[in-house]
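Please read this note beside the sequence and the model.

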Amino acid sequence: MNDYLKTKGRIFDIQRYSIHDGDGIRTIVFLKGCVLKCRWCCNPESQRYEIETMLVQGEPKVIGRDVTVEEVMETVEKDRTYYRKTGGGLTLSGGESLCQPEFAAALLKAACEVGINTALESMGCAPYEVIEGLLPYLDQYLLDIKHMNPKKHKEYTGRSNELMLENAMKIAQSAGPELSIRIPVVPGFNDTVQEIRDIAEYTKKLGNVRRIHLLPYHRLGQDKYEGLGREYLMKDVEPPSNEKMELLLQAAGQASQMECQIGG
């Protein structure tokens, strides 16, 4: 028995048959804990590492459980056929998976050992040495860049962006996993043509980026805040229109000179 299969971590969900967060049909493992507190976060139950209770349709639900890599892989391996046919695999999400680096690395290594494609959805908000430890086991890195302005980034997420931007450059230069940049498009935060162009221009400087994804803001997680006894600060913000997203898509494509898409 490989010892790393006994590595323990804390998750709050496993989602099978996903067609987002990486190529093909994927199994997404959501790790608990995050260093940011984005106002628009649709998974507020992911932010705290502690196990919590959240009201779901009026009934209390325990959010968070401790599992081993071996236990998670039992679920992941059930859908090998779908991965093989679609180019899919395992994606780690959160929260921020880098908050549990030992567990994340062990999960990715376990998938690699059995020939399953791997992806990481991440803000890159950790010392680069942490990220570097995961790169050998990663096929795809789905990296968020939310804004180029440090002050505005901190206002809306709780953290400045310098470390994340530095890590984006280092990941791109690592010749490691395939890199995609994801931009959550949030009205009032980063939904102007200039703000999207700024991110796209930085992405162009990174090099070695497969594509840019523009992810339109939505309010699907709003009820979770109430269930956690927290205020949802974006309740008066309307999702961007299709016309607005198309305008921003065009701006991103022109500024980056690379493949861009809405969603994914």
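1. Does Lys224, at 22% relative accessibility, count as buried, partly exposed or exposed? Lys224 counts as partly exposed at 22% relative accessibility, where buried means under 20% relative accessible area, exposed means over 50%, and partly exposed lies in between, with a 1.4 Å probe and protein chains only. The model is a predicted one, in which local features need pLDDT of at least 70 and side-chain atom pairs count only at pLDDT 80 or more, while totals for chains, interfaces and linings use all residues. Residues are numbered from 1 along each chain as its sequence is written, and side-chain values use heavy atoms, with hydrogens and water left out.

2. Lys224 and Glu45 meet through their side chains in a salt bridge, at 3.0 Å from N to O, the term standing for a side-chain nitrogen of Lys or Arg within 4 Å of a carboxyl oxygen of Asp or Glu. This pair links distant parts of the chain, since Lys224 sits in helix α8 (residues 222-227) and Glu45 in the loop between β2 and β3, 179 residues apart. Helices (H or I, at least four residues) and strands (E, at least two) are DSSP runs, numbered from the N terminus.

3. Met54 counts as buried, with 5% relative accessibility. Ala172 lies 118 residues from Met54 along the chain, and the C-alpha atoms of the two are separated by 38 Å.

4. A search of the whole structure finds 20 salt bridges. One of them joins Glu155 to Arg39, with the closest N and O atoms 3.9 Å apart. Glu155 lies in helix α5 (residues 150-157) and Arg39 in the loop between β2 (26-31) and β3 (52-56), so the pair ties together parts that are 116 residues apart in sequence. Glu155 counts as partly exposed at 49% relative accessibility, and Arg39 counts as partly exposed at 27%.

5. A further salt bridge is formed by Lys146 and Asp144, whose closest N and O atoms are 3.0 Å apart, and both of these residues are buried. Salt bridges that share partners join Asp21, Asp144, Lys146 and Arg182 into one network.

6. Two packed helices are described by the angle between their axes and the distance between the axes. Helix α6 (residues 162-173) packs against helix α7 (residues 193-206) at an angle of about 35°, with their axes 9 Å apart; the axes are lines fitted to C-alpha atoms, for helices over the stretch in contact, and angles run from 0 to 180 degrees between N-to-C directions. Leu165, Glu166, Ala168, Met169 and Ala172 of α6 make this contact with Tyr202, Lys205 and Leu206 of α7. Thr203, which also lies in helix α7, is buried with a relative accessible area of 0% and, not counting residues up to four places away in sequence, touches Ile181, Val209, Ile212 and Met258.

7. Which members of the largest nonpolar core touch the most other members? Of its 57 residues, these are Val29, Leu92, Tyr141, Ile181 and Leu214, a nonpolar core being a set of buried Ala, Val, Leu, Ile, Met, Phe, Trp, Tyr and Cys residues joined through side-chain atoms within 4.5 Å. Helix α3 (residues 101-113) gives the most to this core, with eight residues. A second, separate core of 16 residues includes Cys38, Cys125, Tyr156 and Tyr232.

8. For the chain as a whole, there are nine helices and eleven strands. Its radius of gyration is 18 Å, close to the 18 Å that the globule rule gives for 264 residues, so the chain is as compact as a globular protein of that length; the radius is taken over C-alpha atoms, and the rule is 2.2 Å times the number of residues to the power 0.38. Buried residues make up 53% of the 264 residues.

Methods: Contact = heavy atoms within 4.5 Å.
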